[in-house]
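Me: I have a structure open and want to learn how to read its features. Can we go through them one by one?

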Amino acid sequence: MRRQTLKTIADRNRRAIMGLAAATCTLALWAPQQAFAQESWPARPVKIVVPFAAGGTTDVVARAVAKDLSEMWGQPVVVENRGGAGGNIGADAVAKSAPDGYTILMASGSIVTVNPHMYAKMPFDAKKDLIPVTNVASGPQVVAVNPSVPGKTLKEFIAYAKSQPGKLNFGSAGIGSQVHMAGESFLDAAGIDLAHVPYKGESAAYPDLVSGALQLVVGNIAAVAPYVSNGRLRALAVTSATRSPLLPDVPTVAESALPGFENTGWFGFMAPAGTPTAIVDKIHRDTVKVLDKTEMKARLFVAGMSPVGNSPAEFAAAIDKESAHWAKVVERRKLKAN
């Protein structure tokens with residue numbers, strides 16, 4: 001009886017050892033395959049979704065980086081514009097995409113730091129459905145007006161706006177967009193109120209500003225500068241702490257009329273939740289390499305942007321901090337989108 005018991009125990013031990021050995025072999029074979037799959041990414045075209053119309057700053061930055069990433073990866077990196085709902089439509093499309101790295105969002109900051117506080121119903125959860133990859137670039141906005149608007153300086157414009165309650169309006173890239181919030185932040189600090197006219201992208205607002213249908217846009221410097229250079233718009237001030245090399249003769253909002261005022265926009269990569277960490281890290285590393293190129297720095301400089309390239313963890317922390325800030329602004333300004 002004892003011999004049978006010992007034999008049974010021995011058989012069980014042998015089976016356990018054999019099973020463990022088989023599992024170890026399987027794991028050993030699986031690990032290199034996974035590593036190979038991640039190392040070979042991308043094996044097909046990558047899509048960058050810009051959640052605004054073509055021609056705006058988000059689009060400009062995305063296309064500049066896409067070109068160099070395509071050369072580095074040996075695969076087409078295609079930019080697709082899907083505007084609407086302050087960037088929510090394009091962002092939602094990415095949030096619901098396969099988490100394989102082949103669909104990336106070029107987000108402007110407001111999509112994940114403002115919209116969750118502005119929209120009563122969001123089609124996605126910015127915190128749970130998207131992964132921060134890296135902040136690609138940042139830059140200031142410009143308080144720009146139609147040349148026919150009275151006021152050569154920011155102080156004069158503020159005085160004029162106060163004398164015309166309910167008669168002036170300002171355009172943006174959509175409700176809750178970065179350009180919208182830059183405008184709201186400026187109006188709040190200046191103590192003036194203009195009617196908000198949202199568009200499906202920043203670039204769509206400028207023809208109406210040039211024609212005089214709009215009086216003001218606090219737009220991204222890359223989009224505004226060409227209109228200022230050819231005289232179709234007047235730049236009153238930049239929103240950064242210091243003057244921009246792109247418009248060196250234009251004073252800051254702080255030095256012009258509102259001490260301490262500062263507002264900058266950013267544009268960063270985000271991926272669907274569940275995207276493998278190895279792929280997220282690769283996109284981050286390769287984007288940093290692209291941003292470190294002299295040619296790219298020059299390209300961004302011309303657009304009034306500065307390269308960032310922070311880590312996914314640093315980017316996530318910055319988003320959380322900015323989100324808390326905009327939550328207070330949205331509440332104070334009583335802003336709602338739906």
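Predicted model: local features only at pLDDT ≥ 70, side-chain atom pairs only at ≥ 80, totals over all residues.

Me: Which residues are the closest to its centre?

Reply: The lining has 15 residues, and those closest to the centre are Phe52, Thr58, Ala173, Glu202 and Asn220. Two elements, α2 and α8, each give two or more residues to this lining. The largest share comes from α2, with 3 residues.

Me: What is the make-up of the lining of the largest cavity: how many residues are nonpolar, polar and charged?

Reply: The lining of the largest cavity divides into 6 nonpolar, 7 polar and 2 charged residues.

Me: Now salt bridges. What is the idea, and how many does a search of the whole structure find?

Reply: Side chains of opposite charge can pair when their charged atoms come close. In this model the search finds 17 salt bridges. Take glutamate 80 and lysine 47: their side chains meet in a salt bridge at 3.6 Å, N to O. This pair links distant parts of the chain, with glutamate 80 in strand β2 (residues 77-81) and lysine 47 in strand β1 (residues 46-50), 33 residues apart.

Me: Which residue forms a salt bridge with arginine 299?

Reply: Aspartate 68 does, with the closest N and O atoms 3.8 Å apart. Arginine 299 sits in helix α13 (residues 294-302) and aspartate 68 in helix α2 (residues 57-73), 231 residues apart. Arginine 299 is partly exposed at 32% relative accessibility. Aspartate 68 is buried, at 4%.

Me: What about arginine 333: which residue does it pair with?

Reply: Arginine 333 forms a salt bridge with glutamate 184, and the closest N and O atoms are 2.8 Å apart. Arginine 333 lies in helix α14 (residues 312-333) and glutamate 184 in helix α8 (residues 178-190), so the pair ties together parts 149 residues apart in sequence. Salt bridges that share partners join Glu184, Asp188, Asp193, Arg332 and Arg333 into one network. Glutamate 184 counts as buried, at 7% relative accessibility.

Me: How should I read a helix, say α12, and which of its residues are buried?

Reply: An α-helix has 3.6 residues a turn, so residues three or four places apart point the same way. Helix α12 (residues 277-291) has 15 residues and spans 21 Å from its first C-alpha to its last, close to the 21 Å expected. Its buried residues are Ile279, Val280, Lys282, Ile283, His284, Asp286, Thr287, Val290 and Leu291.

Me: And a strand? How many residues of β9 are buried?

Reply: In a regular strand the side chains alternate between the two faces of the sheet. Strand β9 (residues 264-272) is mostly covered, with 8 of its 9 residues buried.

Me: Which residues of β9 are the bridge partners of alanine 107 and threonine 134?

Reply: Alanine 107 has glycine 268 as its bridge partner. Strand β3 (residues 103-108) and β9 run antiparallel, joined by 4 bridges. For threonine 134, the partner is phenylalanine 269. Strand β4 (residues 130-145) pairs with β9 in the antiparallel sense over 9 bridges.

How values were computed:
Residues numbered from 1 in each chain as written. Heavy atoms only, no water. Expected span 1.5 Å × (residues − 1). Buried < 20%, exposed > 50% of the residue type's maximum accessible area, 1.4 Å probe, protein only. Salt bridge = Lys/Arg side-chain N within 4 Å of Asp/Glu carboxyl O. 1 Å grid on protein atoms, 1.4 Å probe; cavity = no way out; pocket = protein on both sides within 12 Å on 5 of 7 lines; lining within 4 Å. Nonpolar A, V, L, I, M, F, W, Y, C, P; charged D, E, K, R; others polar. Pairing = 2+ DSSP bridges.
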